[in-house]
Amino acid sequence: SGKSLEAFARDTLFAPLGISDWEWMRYANEKVAPAAGLRLRPRDAAKIGQLVLNKGDWNSKQIVSAKWIEQSVTPRFQAIGYFSGLFFYGQQWWMGRSMAQEKEVKWIAAMGSGGQRIFIVPDRDLVVMTTSGLYFQPRQGDEALDMMANFILPSVRDNNAR
């Protein structure tokens, strides 16, 4: 594009979504850390989730290619360790599953430091943004997963149910 990452993100993603207040962590050399440290208001982070849920469409305008969304949420790696069997990783997105109402519910998630999470649940037409301050704590995202499985998902109707 010939633009800096910040300018490209601002012009092609943030501005079309109405996101004007954001901050990106920088390395010591003042370059943006592209894989970490993007700070958004919760409602703006949820817009990113809605964009993914809508396969790149925002207000009837294709902001991100549907093909790119599909590729980015395709599982490519199996998580190991504590989350083995629960999580898969695509391109900057985690794919997982929770049990709700005696049924496996698949979700896509962005998992930020401290427990910040964007959950996208296509079968429930649902986007959930959680915030937390559990920075550098073991299993910092467990609370968000617990809320999803035990409170949020059981409260939302399955779009595939008749």
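Buried means under 20% relative accessible area, exposed over 50%, and partly exposed in between, with a 1.4 Å probe and protein chains only. The structure is a predicted model, in which local features need pLDDT of at least 70 and side-chain atom pairs count only at pLDDT 80 or more, while totals for chains, interfaces and linings use all residues. Residues are numbered from 1 along each chain as its sequence is written, and side-chain values use heavy atoms, with hydrogens and water left out.

Side chains of opposite charge can pair when their charged atoms come close. Here a salt bridge is a side-chain nitrogen of Lys or Arg within 4 Å of a carboxyl oxygen of Asp or Glu, and the whole structure holds seven of them. One of them joins Arg10 and Asp11, with N to O at 3.1 Å. Arg10 counts as partly exposed because its relative accessibility is 40%, and Asp11 is also partly exposed, at 35%. Both residues belong to a salt-bridge network that includes Lys3.

Another salt bridge pairs Asp21 with Arg41, and their closest N and O atoms are 3.0 Å apart. Asp21 sits in the loop between H1 and strand S1 (22-24) and Arg41 in the loop between S2 and H2, so this pair ties together parts that are 20 residues apart in sequence. The helices (H or I, at least four residues) and strands (E, at least two) named here are DSSP runs, numbered from the N terminus. Asp21 is partly exposed at 38%, and Arg41 is partly exposed at 37%.

The pockets come next. On a 1 Å grid over the protein atoms alone, a pocket is an open set of points with protein on both sides within 12 Å along at least five of seven lines, and lining residues have an atom within 4 Å of a point; a cavity, by contrast, is a set of points where a 1.4 Å probe fits but cannot get out. Grid points are joined across faces, edges and corners, and a volume is the space filled by probe spheres set on the points.

The largest pocket has a volume of about 1,400 Å³. Its lining is made up of 39 residues, and those nearest its centre are Trp24, Pro34, Ala35, Leu38 and Ala110. Two or more lining residues come from each of helix H1 (5-17), strand S2 (38-40), helix H2 (42-53), helix H3 (66-72), S8 and S9. H1 supplies the largest share, six residues. By class, the lining has 29 nonpolar, eight polar and two charged residues. For this count, Ala, Val, Leu, Ile, Met, Phe, Trp, Tyr, Cys and Pro are nonpolar, Asp, Glu, Lys and Arg are charged, and the others, Gly among them, are polar.

The second largest pocket has about 220 Å³ of space. Its lining includes Val73, Phe88, Arg97, Glu104 and Trp107. Strand S7 (94-100) and S8 each give two or more residues to this lining, and S8 gives the most, with four. The lining divides into seven nonpolar, one polar and three charged residues. Two of the residues named above, Arg97 and Glu104, form a salt bridge with closest N and O atoms 3.8 Å apart. Glu104 is partly exposed at 41%, as is Arg97 at 33%.

Two loop residues remain buried. Gln116 is in the loop between strand S8 (103-111) and strand S9 (117-121) and counts as buried because its relative accessibility is 19%. The side chain of Gln116 reaches the backbone oxygen of Ser132 at 2.4 Å, a polar contact being a pair of N or O atoms within 3.5 Å in which, within protein, one must be able to donate a hydrogen and the other to accept it, and residues adjacent in sequence count only if both atoms are side-chain atoms. Leaving out residues up to four places away in sequence, Gln116 touches several others, including Ala110, Met129 and Tyr135; contact means heavy atoms within 4.5 Å.

Phe87 lies in the loop between strand S5 (77-78) and strand S6 (88-89) and is buried at 4%. Among the residues that Phe87 touches, beyond four places in sequence, are Trp94, Trp107 and Leu145.

Finally, there is backbone geometry. Most residues other than glycine have a negative phi. Ser60, in the loop between strand S3 (57-58) and strand S4 (61-62), has a positive phi near 65 degrees. Gln101, in the loop between S7 and S8, has a positive phi near 55 degrees.
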